[in-house]
Amino acid sequence: MNNSVKDLLLTPVKLGDLQLRNRIVMSPMTRTRATLAHVPTELMVEHYVQRASAGLIITECTMVSGTASAFITDPGIYNDAQLAQWRKVTDAVHAAGGLIAMQIWHPGRATHPYNNDGVESVSSTDRAIRDDGINTLAGKVPQSKPRRLRIDELPGIVAQFRKAAENAKRAGFDAVQIHGAHGYLLDQFLRDSVNDRSDAYGGGIANRARLLFEVIDAAIEVYGAGRVGVRISPLVPYNDVSDSDPAGVVRYVAEQFEKRRGGLFELRHNQHTDPAELELAGIARNILTVPLLLNGGYTRESGEADVASGLADAVVYGKPYIANPDLVERFRLRAPLNDVDFSKLYAGGASGYTDYARLAENSHEHA
Ligand SMILES: Cc1cc2nc3c(=O)[nH]c(=O)nc-3n(C[C@H](O)[C@H](O)[C@H](O)COP(=O)(O)O)c2cc1C
């Protein structure tokens with residue numbers, strides 16, 4: 001293998017309007033280090049700036065409204081106190097030469113009134129998630145039944161996302177990613193195992209994707225198409241969702257995104273080597289001339305391979321970024337990666353969050 005092929009991940013790339021210095025993207029990851037008022041903390045500033053050598057950071061999912069918390073200490077982007085703290089994050093990342101997009105998100109039924117001042121959760125449906133329960137301020141409890149959103153309430157949801165995009169822009173984010181994955185609100189409309197509506201937002205894929213594209217269009221009005229991304233995960237069953245035709249979902253969402261000349265289309269796989277996932281990536285690649293980002297179980301080698309083949313324009317790394325703030329440098333040097341301490345994922349505090357070791361300075365000698 002010659003060098004130019006080996007190090008494609010380290011080459012610059014233009015994703016929409018964003019000029020990245022490499023093709024290594026940090027995946028959105030919830031780490032529950034905000035305050036109970038959903039304000040980002042100084043620790044979060046440190047965490048993100050430590051990872052600023054990524055070509056692009058995508059933040060953890062961020063609440064579009066005060067009744068859209070799922071994880072108790074998840075951050076929001078709906079008030080000025082939050083905005084001011086996020087501004088510290090974007091300033092620090094930019095000062096370090098990095099780029100950062102915000103993932104904006106509504107959990108829909110994947111939360112509980114206990115986490116939202118008693119306010120009922122909302123969804124495309126009135127059926128609850130079927131699983132073993134949810135963590136709330138009052139401990140672990142059974143999932144609650146959501147309230148089915150009326151059609152006249154949907155413009156209000158779009159307005160929340162629009163406001164979040166406006167706030168993200170004011171806070172200095174380079175782009176926004178619309179969270180259309182993982183069985184959260186927009187995915188509860190997209191997937192036919194959950195969406196049981198008979199109005200203009202239910203039924204065929206054009207109807208089920210309607211809310212997602214209303215949100216994308218609102219974000220495009222705020223940011224311009226080249227700075228708007230979407231993430232979908234058609235084969236990920238998380239939060240009790242599935243679809244009878246995942247290929248049809250990918251085809252429709254990719255076609256519509258392409259038509260709008262969106263900036264970053266991300267397909268989130270469980271494991272990118274799975275043949276069913278590969279097939280979906282191929283479908284997306286055939287449709288999209290705009291950038292395609294792939295995620296799910298990538299290593300340095302497999303990321304290189306998918307960029308080399310032209311399947312992906314950039315590769316999105318999640319768990320490797322938890323324990324390796326200097327992942328780009330480690331890839332460059334073929335250095336071993338630190339292991340993730342899974343007990344600290346949502347533990348709060350600096351331990352297992354901002355205290356993962358960087359490569360020792362002297363390891364450069366072996367480069
Ligand atoms: C601790 C943790 C938190 C996560 N939080 C989010 C999130 O807020 N938004 C999102 O879209 N995905 C989230 N994910 C999924 C990751 O972004 C990524 O898709 C997944 O870990 C697969 O990529 P990987 O194999 O490189 O880890 C999370 C994953 C982990 C491990």
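**Entry 1: Ile104**

I began with Ile104 and skipped its neighbours within four places in sequence.

I noted that the model is predicted: local features need pLDDT of at least 70, side-chain atom pairs count only at pLDDT 80 or more, and totals for chains, interfaces and linings use all residues. Residues are numbered from 1 along each chain as its sequence is written.

**Entry 2: the core**

Which residues touch the most other members of the largest nonpolar core? I found Val25, Ile104, Val176, Ala219 and Val315, out of 91 residues. Such a core is a set of buried Ala, Val, Leu, Ile, Met, Phe, Trp, Tyr and Cys residues joined through C-beta atoms within 7 Å. Buried means 20 or more other C-beta atoms within 10 Å of a residue's own, exposed 12 or fewer, and partly exposed in between, with C-beta atoms placed from the backbone. Helix 7 (residues 210–223) gives the most to this core, nine residues. Helices are DSSP runs of H or I, at least four residues, and strands are runs of E, at least two, numbered from the N terminus.

**Entry 3: helix 3**

I listed the buried residues of helix 3: Gln82, Trp86, Val89, Thr90 and Val93. They fall within an arc of 95° seen down the axis, so they line one face; the arc is that of the directions from the helix axis to the C-beta atoms. The face turned away carries exposed Asp80, Ala84 and Ala95. Gly97 follows helix 3, with a positive phi near 85°.

Conventions. Contact = placed C-beta atoms within 7 Å.
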